[in-house]
Amino acid sequence: MDILVAVLQFIVNEILSKPALLVGIIALVGLLFMRRSAGDVVSGTLKTILGFLIMSAGADLLSGTLTPLGAMVQAGFHLHGVVPTNEAIVGLAQKAFGTQTAAIMALGFVVNILLARFTPAKFVFLTGHHLLFMATLLAVVLGSAGITGVNQIILGALLLGTAATVLPALVHPFTQKVTEGAGFALGHFNTVGYIISSLIGKGVGKVMKDKSRSTEEIEVPEQLSFLRDSLVMTTMTVIVIYLILAIIAGPAAIASQAGGSNYLMYAFTQALTFGASVAIILMGVRMILAEIVPAFQGIAERIVPNALPALDCPTTFTFAPNAVVFGFISSLVGGIVGLFLMGPLGLALIIPGMVPHFFDGGTAGVYGNATGGRFGAILGAFINGLLITFLPALLLAFMGSLGLSNTTFGDADFALVGILSGLGSRTGVIGLYVIVIVALVVLVGLASLITIRGKRKAEEAEEAVVENA
């Protein structure tokens, strides 16, 4: 038994929880199945891994620039409360739930593969760290509700595998609109926020009609033509935000991070680093998509026919870089507004976490922009900001002693799955099994219908193009 646990922990900790290696292995297997030459196999595998490492390095660098920004927001607006940070809460949970997390993640990935193989919802979730986060959440919520041992692992795996299959399918009609059918799906557990942002954008698009142009079509005077470069626009916008917040917060707010440097120059430098981080992320994304999508065809042909890889949210950033900035700012504003609404409602104060607001809010901006232009991006991301403020506050009640640790999960899907799992756990082990199985059948059925409908529409569109040619 100890050997089995050690093997599972190795698979989870050394492979499944490391997206670069996980996706590299997927690319390797796919290229081998396609019988590519040895040189192509080595090149494709290494480029896929390097692309993920480059994207991750950019994300880590960007996260570092968001730390002083969060400090400035808290100091400038005198905010105190719980800060949602996935990495922090997962780290705290591993001591008590490490073994259960490993088992849930490994078996949950198997459930995802089986569902993708035998149902029309053919999406394989490859964002390894989000699988780890969701597995940890389920281990904590189920364990805190008194469901332990084998039941905890089986129920957690079923829930994880279902979420990993269904959520990419539900958002995929909008993902296709964002990527123009680029051949991959979205695998990021803030799907509810992206769906809502897309629907809001769709509504805004109907009301505004042609008045809400894409964020990528921003008109600027000729003398400011340099702002047409999305990277320059992003960096200039962030510089203004950082400097304004630094002035409001004062030098004491970031003294510990500045290390003796002038606080305004430190803020300016961090803003420039933010822009560089975005450029690195986009470079890594381009490398990943150039390699993983063709390589995944080998997996789809042999193991999971017609499957799509569900990838991390930055893979959407290249399709609307300006929308990422619109979404980040709007989501952050939504988080601040939500914070001031929580006191009267008697909820724990959720301090806006810069990392979830950038990645979740930025992606919500991309999806809102795809369906409703710049106004869709702004309003959709604003609602996303409210979601990732209120839902984490409600989740705290289901996390046992970890609910008092001053941090929690930051994305909408984590909170929603955790809340529903916690409520279902109150029916007991047998009751929860019934709920989980019914939910699996219903949700996978819904995801399958959406997938079939989407393929039918795509085929009709292709036929129309052929007829018009």
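Visitor: In which helix is the place of Leu432?
Guide: In this predicted model, Leu432 has a relative accessible area of 2% and is therefore buried. Its place is in a helix, and that helix is α14.

Visitor: Which residues does Leu432 touch, not counting residues up to four places away in sequence?
Guide: Contact here means heavy atoms within 4.5 Å. With residues up to four places away in sequence not counted, the list for Leu432 holds Leu142, Ile147, Leu155, Ser421, Gly424, Ser425 and Thr427.

Visitor: How many Å apart in space are Leu432 and Ser421, C-alpha to C-alpha?
Guide: Ser421 is among the residues that Leu432 touches. The two are 11 residues apart in sequence, and from C-alpha to C-alpha they are apart by 8.2 Å.

Visitor: Which helices each supply at least two residues of the positive patch?
Guide: The patch of positive charge on the surface gathers Lys177, Lys202, Lys206, Arg453 and Lys457. At least two of its residues come from each of two helices, α7 (191–208) and α14 (428–468).

Visitor: Is Lys177 buried, partly exposed or exposed?
Guide: Lys177 belongs to the positive patch and is found in helix α6, residues 149–179. Buried means under 20% relative accessible area and exposed means over 50%. Lys177 has 48% relative accessibility, so it counts as partly exposed.

Visitor: Val150 also needs placing; is Val150 buried or exposed?
Guide: Val150 lies in helix α6. Its C-alpha is 9.0 Å from that of Gln100, 50 residues away in sequence. With a relative accessibility of 58%, Val150 counts as exposed.

Visitor: How many Å apart in space are Ser144 and Met208, C-alpha to C-alpha?
Guide: Ser144 has its place in helix α5, residues 128–144. In sequence, Ser144 and Met208 are 64 residues apart, while the C-alpha to C-alpha separation is 47 Å.

Visitor: Which residues does Ser144 touch, not counting those up to four places away in sequence?
Guide: Ser144 is partly exposed, because its relative accessible area is 37%. Residues up to four places away in sequence are not counted, and the ones it touches are Phe398, Met399 and Gly400.

Visitor: Is Ser331 buried or exposed?
Guide: Ser331 has its place in helix α11, residues 321–345. Leaving aside neighbours within four places in sequence, Ser331 is in contact with His357, Gly361, Ala381, Phe382, Asn384, Gly385 and Ile388. At 0% relative accessibility, Ser331 therefore counts as buried.

Visitor: Which residues is Thr363 in contact with, leaving aside its neighbours within four places in sequence?
Guide: Thr363 is found in helix α12, residues 354–395. Its relative accessibility is 0%, so Thr363 counts as buried. Once neighbours within four places in sequence are left aside, its contacts are Tyr194, Cys313, Thr316, Phe317 and Phe358.

Visitor: Which residues make the nonpolar surface patch of about 390 Å²?
Guide: One member, Ile3, lies in helix α1. With 67% relative accessibility, Ile3 counts as exposed. The patch is made by Ile3, Val7, Phe10 and Ile11.

Visitor: How many Å separate the C-alpha atoms of Gln9 and Ala93?
Guide: Gln9 has its place in helix α1, residues 2–16, and is partly exposed at a relative accessible area of 27%. Leaving aside neighbours within four places in sequence, Gln9 is in contact with Glu14, Thr99 and Ala102. Along the chain, Gln9 and Ala93 are 84 residues apart, and their C-alpha atoms are separated by 15 Å.

Visitor: What value is phi of Arg35 near?
Guide: Arg35 lies in the loop between α2 (19–33) and α3 (38–77). At 70% relative accessibility, Arg35 counts as exposed. Its phi is positive, in a residue other than glycine, and is near 60 degrees.

Visitor: Where is the place of Asn306?
Guide: Asn306 has a positive phi near 65 degrees, and it is a residue other than glycine. Its relative accessible area is 57%, so Asn306 is exposed. The place of Asn306 is in the loop between α10 (263–302) and β4 (308–311).

Notes:
Residues numbered from 1 in each chain as written. Predicted model: local features only at pLDDT ≥ 70, side-chain atom pairs only at ≥ 80, totals over all residues. Heavy atoms only, no water. Patch = residues over 30% accessible without salt bridge, like charges linked within 9 Å, V, L, I, M, F, W, Y side chains within 5 Å. Areas by Shrake-Rupley, 256 points an atom, 1.4 Å probe, with all protein chains shown as cover. Salt bridge = Lys/Arg side-chain N within 4 Å of Asp/Glu carboxyl O. Lys, Arg positive; Asp, Glu negative; His and termini not counted. Charge placed at Lys NZ, Arg CZ, Asp CG, Glu CD. Helix = DSSP H or I, 4+ residues; strand = E, 2+ residues; numbered from the N terminus. Buried < 20%, exposed > 50% of the residue type's maximum accessible area, 1.4 Å probe, protein only.
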